Amino acid sequence: MSKDKSYYFCGIGGSGMLPLAMIVRENGALVAGSDRALDQGRLATKFEWLKAKGIGLFAQDGSGLTSGDQILIASAAIEDSVPDVAKANSLGCARMTRAQLLAEQFNGSPRSIAIGGTSGKSTVTGMIGWILTEAGSDPTIMNGAVMKNFVADDAPFASSRVGDGGIMVSEVDESDGSIALFDPEIAVLNNVSLDHKSLEELRQLFGDFAGKAKYCIWNLDDAETVALVGALDLSDAISFGFSKEADFRASDIEEAPISSRFTLSAQSSDFEVKLQVPGRHNIANALAAIAAASAVGVPVATSVAAMAQFKGLARRFDVVGTTNNISVIDDFGHNPDKIAATLKTMKAFPGRIIAFFQPHGFGPIHKMGAELAEVFADILDRDDRVILCDPVYFGGTVDRTIGSAFITDAVTAAGGTAEHIADRADCGAHIVDIVQPGDRIVIMGARDDTLSIFASDILAQLAAKP
């Protein structure tokens, strides 16, 4: 990245684009961008904040690109017919993907920690970032979710942080293969399971990722990760998990509806760890974060103290509120592992679950619809409810022959109770109609920031309900 350059982000409001745009802007470069949501009048608060931070915003019609010196940041999948891309091509603008620009930043940092894996990346990134901040390391953090510990009046969308400590912490993405662009000092490998790519492709990507790092932090409880690491010649690998053989191990676990605690055994000592986030998956995330911090010299006791103050991330088992003994939870769950972790955390405590899921595209249903249905059917009881609206669709030529009904039909066939209601607003009205005191409502899905608004609207309707 150069401070003398001007970067133009196509889709600047996205969960991956916005934090990177902020990092580039705070490092002194000129930043502008466009977004379909801006054109549609959605998420006004977010765009007003971006403008207040000195970022120019334009309609997604090519009007914001005026010079061949600008660098267009856009997904590799965006077609040349998109107005911003067509205008950039006509002007002769250089083009980079979000991942290429992020990798340029990341690989240029004196020290670096990359977090990979199918699930838990954003949470572990937030945990490590918070630990390093509390330890005085002043890190730069690139996350795909808002980190509650860094939210402030002037930073309501704190999914990134810029520091001067010479260390960068970032989640890295396997879904588009861009994880291969990153050369981390420390590679954290949470888990390996089906999501955007086949397991064969994932094994190659994650194996290369782990193999080139100086230190690899890996999950001893995940069979795929164990097999992958076992095939590599890693000289400095640190394992974490619930197994007695783990270098960073959790035992004496106590779970509560919105918190947890456990004993950490590491470096020949035991530590009592308290978390403000629930579930065994978050205990595993904390183990990974503490192990990674230790690899850059943070004492375990310092990390444990920081973890007690970690508030979690927006849309990661985010309790929106409770009214009339009904709780509404907003969650990013969208693949089998993430949804299973959320539902298992909820099923550990009494109360019927109403699980709403908005699939994040038609493609994911083709790839993992059967596995998603299996998760809902296996974890939830017949008294629980599964409700799906139509998938997110932003246009394009994707095959739409298989939709949400594929999942609900499979859940019903397996003995569960599931419904497909095409319109999301109608789903919300149905949920408000059927909910009872003692129920928990979880709103799940990805690639759509308005799901948080949907969850808040449901809570408001419940509060007003006689």
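Reply: One definition to begin with: a charge sits over a ring if NZ of Lys or CZ of Arg is within 6 Å of the ring centre and within 35 degrees of the ring normal. This is a predicted model, where local features need pLDDT of at least 70, side-chain atom pairs count only at pLDDT 80 or more, and totals for chains, interfaces and linings use all residues. Residues are numbered from 1 along each chain as its sequence is written, and side-chain values use heavy atoms, with hydrogens and water left out.

Me: Which residue lies over the face of F332?

Reply: R316 does, at 3.9 Å from the ring centre.

Me: And what sits over the ring of F242?

Reply: The charged end of R280, 4.2 Å from the ring centre.

Me: Switching to aromatic pairs. How many are there?

Reply: Seven. Rings of Phe, Tyr and Trp (its six-membered ring) pair if their centres lie within 6.5 Å; planes under 30 degrees apart count as stacked, over 60 as edge-to-face and the rest as tilted. One of the pairs is W49 with F157, which is tilted, at 5.5 Å centre to centre and 50° between the planes.

Me: Which parts does the W49 and F157 pair tie together?

Reply: W49 is in helix α3 (residues 44–52) and F157 is in the loop between β7 (140–142) and β8 (160–161), so the pair links parts 108 residues apart in sequence. Helices (H or I, at least four residues) and strands (E, at least two) are DSSP runs, numbered from the N terminus.

Me: Are W49 and F157 buried or exposed?

Reply: Both are buried, meaning under 20% relative accessible area, with exposed over 50% and partly exposed in between (1.4 Å probe, protein chains only).

Me: Why is the F106 and F182 pair called edge-to-face?

Reply: Their ring planes are at 75°, with the centres 5.5 Å apart, so the pair counts as edge-to-face. F106 lies in helix α5 (residues 98–107) and F182 in the loop between β9 (167–171) and β10 (186–189), so they tie together parts 76 residues apart in sequence. F106 is buried at 0% relative accessibility, and F182 is buried at 1%.

Me: Now the strands. What joins β4 to β1?

Reply: Four bridges, and β1 (residues 6–10) runs parallel to β4. Strands pair if DSSP finds at least two bridges between them. S6 stands opposite Q70 in β4.
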